[in-house]
Amino acid sequence: ATQPPWCGQVTNMAMVSADNERNPWNNSAGAWVTVLCEKVDVSVQKTAVKSMILPTEPAQFTIRVQATGGIATGVHLVDYLPYGFTNWQLSGDSQGCVLSSGRLNCHYGTLQKGDRRVLTLTHAIGPNWCGQIINRATVFASVNVDTTNDYALASINVTCGMGMGGD
């Protein structure tokens with residue numbers, strides 16, 4: 001499959017001439033072909049495994065990266081991890097991923113149409129910590145027709161001093 005910028009109409013022209021030419025109006029010819037390209041798109045989804053937890057429960061986010069429409073190259077996920085949380089654990093499709101200096105980088109390279117990578121980030125919460133954990137992930141690719149689905153945001157509320165439903 002051809003990727004932009006080589007999609008669309010491609011034109012080829014040829015010209016000839018001679019010193020003793022009698023009819024200069026038939027000295028050129030052209031042809032064109034329309035190259036149809038797949039509309040390559042990568043997207044990211046990020047969700048909280050549980051949107052509300054107690055401080056004794058782990059905070060967990062799931063990240064899904066997917067290629068649709070065609071073969072995506074140069075696929076790269078970046079997730080700036082929530083400030084103050086430094087002990088994230090990574091599981092799932094983590095080949096090509098590095099957790100370092102408060103950031104998750106995943107270099108997936110090429111994803112075939114329909115390929116998906118799923119990761120889970122987990123962090124233990126201290127018994128006295130309460131508040132909201134907000135996290136955003138962004139995916140990039142060499143060719144990507146729809147950038148509106150390249151980032152995702154999720155949050156977890158850590159609730160102190162109250163039960164979580166039930167009686």
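**The core and the charged pairs**

Modeller: Gladly; keep in mind that this is a predicted model. The largest nonpolar core has 31 residues, and I63, V65, L77 and Y108 have the most contacts inside it.

Colleague: Which strand gives the largest share of this core?

Modeller: That is β5, with five residues. Strands that each supply at least two core residues include β3 (41-48), β5 (59-68) and β6 (72-80). The protein as a whole has twelve strands and zero helices.

Colleague: What is V65 in contact with, leaving aside its neighbours within four places in sequence?

Modeller: Among its partners are V44, V75, L77, Y108 and V139.

Colleague: Why is the pairing of D79 and K46 called a salt bridge?

Modeller: The N to O distance between their side chains is 2.3 Å. The cut-off is 4 Å, so the pair qualifies as a salt bridge. D79 lies in strand β6 and K46 in strand β3, 33 residues apart. Both D79 and K46 are buried.

Colleague: What makes K50 and E57 a salt bridge too?

Modeller: Their closest N and O atoms are 2.5 Å apart, and because the limit is 4 Å, this pair also counts. The structure holds two salt bridges.

Colleague: And why is K50 called partly exposed?

Modeller: Its relative accessibility is 39%. Buried means under 20% and exposed means over 50%, so K50 falls in between and counts as partly exposed.

Colleague: How much of the protein is buried?

Modeller: Buried residues make up 32% of its 167 residues.

Definitions and conventions. Residues are numbered from 1 along each chain as its sequence is written. This is a predicted model: local features need pLDDT of at least 70, side-chain atom pairs count only at pLDDT 80 or more; totals for chains, interfaces and linings use all residues. Side-chain values use heavy atoms; hydrogens and water are left out. A nonpolar core is a set of buried Ala, Val, Leu, Ile, Met, Phe, Trp, Tyr and Cys residues joined through side-chain atoms within 4.5 Å. Buried means under 20% relative accessible area, exposed over 50%, partly exposed in between (1.4 Å probe, protein chains only). Helices (H or I, at least four residues) and strands (E, at least two) are DSSP runs, numbered from the N terminus. Contact means heavy atoms within 4.5 Å.
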